[in-house]
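Q: Please look at the sequence and the model below, and then let us ask what each structural label rests on.

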Amino acid sequence: MEREKSTTILENIVRNLKNNNWKLAIAESATGGLISSTIVGMESGISSVYNGAIVSYSNESKVKVLGVKHNTLMKYGAISKHVAVEMAIGAKKAFNANVVISVTGNIGPKAQENKVIGLIYFVVLINDMFYEFEMNIPDLGRQKNRIIITQKVLEELDKCLEKKSKQN
């Protein structure tokens, strides 16, 4: 049942991207590439709308590859909405994409930056419109946490694309 739901969400995402002639890019930290892997696992249709992903796990790579400001990391920490926004902007530039997902957070096994396990920030950026999300998930272990986050991010991307498509 979960597989069917995922496929439907992915099909909707691809349809909306194609209908609007939008290209998708991803900047992942906490999920370690699982969102990108899930998207490219689609049987068909994704290659025409997907530009690529950056898995930027360390703070150094967030700064060097995605252009996250060092000051932002020092002031708010890597687990913050501010970093998620800057990751999205960096991926948009890197991939010349209209639609970007970025995600950062703490998936365990221990608290970081004095922030609890399960605290996740993600952004859906469509053209110049930012949709910011914060979620707290129960600590079910790193792998299950990554799966839960990936599913939630894709669900929200689907909703944002539907909303933005209706406005166009």
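Q: Which residues of β3 point one way and which the other way, and are they buried or exposed?
A: Val-99, Ile-101, Val-103 and Gly-105 point one way from β3, Val-100, Ser-102 and Thr-104 point the other way, and all are buried. Buried means a relative accessible area under 20%, exposed means over 50%, and partly exposed lies in between, with a 1.4 Å probe and protein chains only. In a regular strand the side chains alternate between the two faces of the sheet. This is a predicted model, in which local features need pLDDT of at least 70 and side-chain atom pairs count only at pLDDT 80 or more, while totals for chains, interfaces and linings use all residues. Residues are numbered from 1 along each chain as its sequence is written, and side-chain values use heavy atoms, with hydrogens and water left out.

Q: Why is strand β3 described as largely enclosed by the rest of the structure?
A: In β3 (residues 99-105), 7 of the 7 residues are buried, so the strand is largely enclosed by the rest of the structure. Strands here are DSSP runs of E with at least two residues, helices are runs of H or I with at least four residues, and both are numbered from the N terminus.

Q: What makes β1 and β4 pairing partners of β3?
A: Two strands pair if DSSP finds at least two bridges between them. Strand β1 (residues 24-28) pairs with β3 in the parallel sense over 5 bridges, and Ile-101 in β3 is the bridge partner of Ile-26. β3 and β4 run antiparallel and are joined by 7 bridges; among the partners in β4 are Tyr-121 for Thr-104 and Ile-126 for Val-99.

Q: How do you know that β4 is mostly covered?
A: For β4, 8 of its 8 residues are buried. Leu-119, Tyr-121, Val-123 and Leu-125 point one way from β4, Ile-120, Phe-122, Val-124 and Ile-126 point the other way, and all of them are buried.

Q: Why is the pair of Phe-122 and Phe-133 called stacked?
A: A search of the whole structure finds 1 aromatic pair. The ring centres of Phe-122 and Phe-133 are 4.6 Å apart and their planes stand at 10°, so the pair is stacked. By definition, rings of Phe, Tyr and Trp (its six-membered ring) pair if their centres lie within 6.5 Å, and planes under 30 degrees apart count as stacked, over 60 as edge-to-face and the rest as tilted.

Q: Why does Phe-122 count as buried?
A: Phe-122 has a relative accessibility of 1%, and therefore counts as buried.

Q: What makes the buried residues of helix α3 lie on the same side?
A: The buried residues of α3 (residues 59-66) are Ser-61, Lys-62 and Leu-66. They cover an arc of only 105° around the axis, which puts them on the same side of α3; the arc is that of the directions from the helix axis to the C-beta atoms. On the other side of α3, Glu-60 and Lys-64 are exposed. The buried residues of α3 pack against β1, β2 (50-55), α4 (70-76), α5 (81-95) and β3, where contact means heavy atoms within 4.5 Å.

Q: Why is Ser-36 called buried, and which residues does it touch?
A: Ser-36 lies in helix α2 (residues 34-40) and is buried, because its relative accessible area is 13%. Not counting residues up to four places away in sequence, Ser-36 touches Ile-26, Glu-28, Tyr-50 and Ala-53.

Q: Why is the chain said to be as compact as a globular protein of its length?
A: The secondary structure of the chain comes to 6 helices and 5 strands. The radius of gyration of the chain is 15 Å, close to the 15 Å that the globule rule gives for 168 residues, so the chain is as compact as a globular protein of that length. That radius is taken over C-alpha atoms, and the globule rule is 2.2 Å times the number of residues to the power 0.38. Buried residues make up 51% of the 168 residues.
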